[in-house]
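Let's take a friendly walk through a protein structure, one topic at a time. Keep the 3D view open as you read.

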Amino acid sequence: MPSYAGMLALLLATLPYVSSQNEPRINASDQEILQPKSGQELPITLQCNLTNSHSTHRDTFWMKNGQEIANTRTERKHTEFKLSKPRTDDSGEYMCVYTFKSAPNANASIEVKAAPEIIGHKRSENKKEGENATLYCKSVGYPHPMWMWRKKVGRGSYIDIDNSTGRFFIINKDNFTELSIIGLDIGTDPGEYVCNASNIIGSKESMTILRVRSHLAPLWPFLGVLAEIIILVVIIVVYEKRKRPDEVPDDDEPVAPVKTNSTNNHKDKNVRQRNTN
Amino acid sequence: MQKRGTKANMPPPATTNLGYTPPDGGWGWAVVFGSFISIGFSYAFPKSLTIYFKEIQEYFSISYSQIAWVSSIMLATMYAGGPVSSILVNRYGSRPVVIVGGLMVGVAMVTASFGTTILHLYLCVGVIGGFGLAFNLQPALTIIGKYFLVKRPIANGLAMAGSPVFLSTLAPLNQFLFDHFGWRGSFLTLGGVMLNCCVAGSLMRPIEIKMKLPVSKTTDENNAGELDVTPQTAESKQSGCAAKINQFIDVSLFKHRGFLIYLVGNVLMFFGFFAPVVFLAPYAKHQGIDEYSAAFLLSIFALVDMFARPGTGLVANTRWIRPKIQYFFSFAVTYNGLCHVMCPLLPGYSGLVVYAVFFGLAFGMVCALLFETLMDLVGAQRFSSAVGLATIIECGPVLLGPPISGLLVDIFMDYKYMYFACGVMMLAGGIFLFIMNYYNYRWLEKEQTQRKVEGLEIGLANEEDKDNEEEIKLSTEEEEK
């Protein structure tokens, strides 16, 4: 006679098989890695196939990064999502979702990875000393990158940002990073700041120039221009005063109306009688 | 040779009631350089300020149209201040007015750099700066007419070339100042830079007219002199209340046929004149061209313009064109209109480059001749009043043109209708000028031959009198014999 223990063991052994019979099975294509820069933008197709379902299947749709993609709902068990010219911002986590009449949704996820690209940053930031400056960088790419801020010194060499004065604040979010500097110091703060985004596929960086103006900076060019103008005016006035006594009256100087006021003869006379320059 | 040359070079009569021979050289070239600076600043400065708009807009938290008012107010005041400028030039001469104008702009910019509201900018940069530039523009043009006659078109062409040269220089300079000093610091420095107008003004030495009467050589000259003085005094006698206004500014110009033709033609033309420049870069971007190439189009345009102006002056000075310079101007305006009409038909970026080259040429031609033709029509003596009256009337189409064109673009969502409209306006102006100037030349020739005939008749009458006298003498002698 079989023991209760034996029957229990048998039951337990078959339990996974039974439960897996009830779980839907989805065949999903592998993860993709985008190489948009190399110029060969080969189209990519993500596929999902529902091979085994216990409950009646309702419909299927796709999601990207947790949000449903419009116009992807079908009632088929085999579904495809095509990226014809994939770019970096097409990367992310895609999910094909199957809904059932009386069972919870089932899904499979396919990761489309790409090296980060920096899409938003300021080329230059100009502030007065003592003010606050904010530098930022935005990126696309998946997985979300790790951010790092550095400062460029010399050619191609970087140093980490020195926060001994406690004026630097960095905020990192998924696709966004921000470097805030309060109380700008004209001696140490100006320079080229580089934000670096890197994920498992690759990395990218971009540069922002920070310029700090002193309070009195614009005064010097103003005074310089003023000096130039005064010098020029003095030269011109002196030249004129010195020329006047020597001036020969006849050449430039006109004569009261000659012959006619109709111009035909006017010029003739003058050209013949007087030497005009 | 000299006779033929001088005759053909003759501007039509009533152009030189100056009473003296302009030197046509010597210090005149220094004056041209001064005018070059003044005109350059006047036209280029309002346009180059747009670089600061974005930061000022953010600083004061206002909309783009509110900040764009600064430029519009400046341009409007510059044009509307024309008559005021003319009155002052008529009274005091060019030099003091330009120096005062330069000081006004300088002080205005320095004050604006400390401004705390947008209203301060409207007042300082817009109103005071605009008047200062008006006090630069009119006198600079007027004094060219006083120093040049034979070589006047060249002088005008060279002086007007200041506008594209200064625009090409001020734009990168403003960008540099903005990067290094922000808008306040830039305004301060620009205030200093604009004081260079005072330098230009100090170059504009007034011509001294020594009123020493010549020893009249023959009685003929005396008689003829008297005869010709009478038409002059007849002209200068005005009746009624117009006399009072005429002390300040010559309002009798509105009865001058040539001036009226010029005015109507120019008003038509200015509706379509500036808009194509303003919309060249946006049109290029609309067609999918990137920002840098679109900006490059404007550089090509400015470069061609820079050389077209003195070149046109040289061409206009030749003995074939100078007598009929009004036709040359009408041709330039019509050519402009043709360029605009053809622009939408040219495909792609290379088409736009071709358009930029031809348009630069056309724009330069019109600008170089714009004031030369006015001088040619009314004469250097009345020019300062004429240009003041002309600019205040042209103020309307100049300011309304670009917004109306923008409206056309917005309504049709396409730039080609705007280009067609501008082209048509300029063609209309050009054809009007052609036809009216044809008649004007004919009427002027008739008047000239009439005057000659009158002169001859009176001369003959004098001779007859003398002959009669001699006859009487002879006959009395004979009788006595």
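## A left-handed link in chain A

The link of Cys137(A) and Cys195(A) is left-handed, with -95° about the S-S bond. Where do Cys137(A) and Cys195(A) sit along the chain? Cys137(A) is in strand S10 (residues 133–142) of chain A, while Cys195(A) is in strand S15 (residues 191–198) of chain A, so this pair ties together parts that are 58 residues apart in sequence.

Keep in mind that you're looking at a predicted model. In this model, a disulfide joins Cys137(A) to Cys195(A), with an S to S distance of 1.9 Å. If the word is new to you: a disulfide is a covalent bond between the sulfur atoms of two cysteines. Are Cys137(A) and Cys195(A) buried or exposed? Both Cys137(A) and Cys195(A) are buried.

## The other disulfide

How many disulfides does the structure hold over all chains? There are two.

The link of Cys48(A) and Cys96(A) is left-handed, with -80° about the S-S bond. Cys48(A) has a relative accessible area of 1%, so Cys48(A) is buried. Cys96(A) has a relative accessible area of 0%, so Cys96(A) is buried too. Now count the bonded cysteines along chain A, and you'll find that its disulfides follow the pattern 1-2, 3-4.

## Over to chain B

What does the secondary structure of chain B come to? It is 19 helices and zero strands. Chain B has 481 residues, and 51% of them count as buried.

Chain B has cysteines to look at as well. Cys367(B) counts as buried because its relative accessibility is 7%. Cys422(B) has a relative accessible area of 3%, so Cys422(B) is buried. Next, take the contacts in chain B between residues at least 6 apart in sequence: 87% of these join residues at least 24 apart.

## Two helices side by side

Here's a handy idea before you zoom in. Two packed helices are described by the angle between their axes and the distance between the axes. The crossing in which H9(B) passes H15(B) is left-handed.

Which residues meet where H9(B) and H15(B) touch? From H9(B) come Ser163(B), Pro164(B), Val165(B) and Ser168(B), and they meet Ala302(B), Asp305(B), Met306(B) and Arg309(B) of H15(B). Sorted by class, the contact of H9(B) with H15(B) has four nonpolar, two polar and two charged residues.

## A buried arginine

One last stop: find Arg152(B), which lies in helix H8 (residues 152–160) of chain B. Is Arg152(B) buried or exposed? Arg152(B) counts as buried because its relative accessibility is 1%.

So who are its neighbors? Leaving out residues up to four places away in sequence, Arg152(B) touches Asp24(B), Ile144(B), Gly145(B), Asn317(B), Arg322(B), Glu372(B), Met375(B) and Asp376(B).

Notes: Residues are numbered from 1 along each chain as its sequence is written. Chains are lettered from A and ligands numbered from 1 in the order in which they are written. This is a predicted model: local features need pLDDT of at least 70, side-chain atom pairs count only at pLDDT 80 or more; totals for chains, interfaces and linings use all residues. Side-chain values use heavy atoms; hydrogens and water are left out. Helices (H or I, at least four residues) and strands (E, at least two) are DSSP runs, numbered from the N terminus. Buried means under 20% relative accessible area, exposed over 50%, partly exposed in between (1.4 Å probe, protein chains only). Contact means heavy atoms within 4.5 Å. A disulfide is a pair of cysteine sulfur atoms within 2.5 Å. A crossing is left-handed if the near helix is turned anticlockwise from the far one by less than a right angle, and right-handed if clockwise. Ala, Val, Leu, Ile, Met, Phe, Trp, Tyr, Cys and Pro count as nonpolar, Asp, Glu, Lys and Arg as charged, and the others, Gly among them, as polar.
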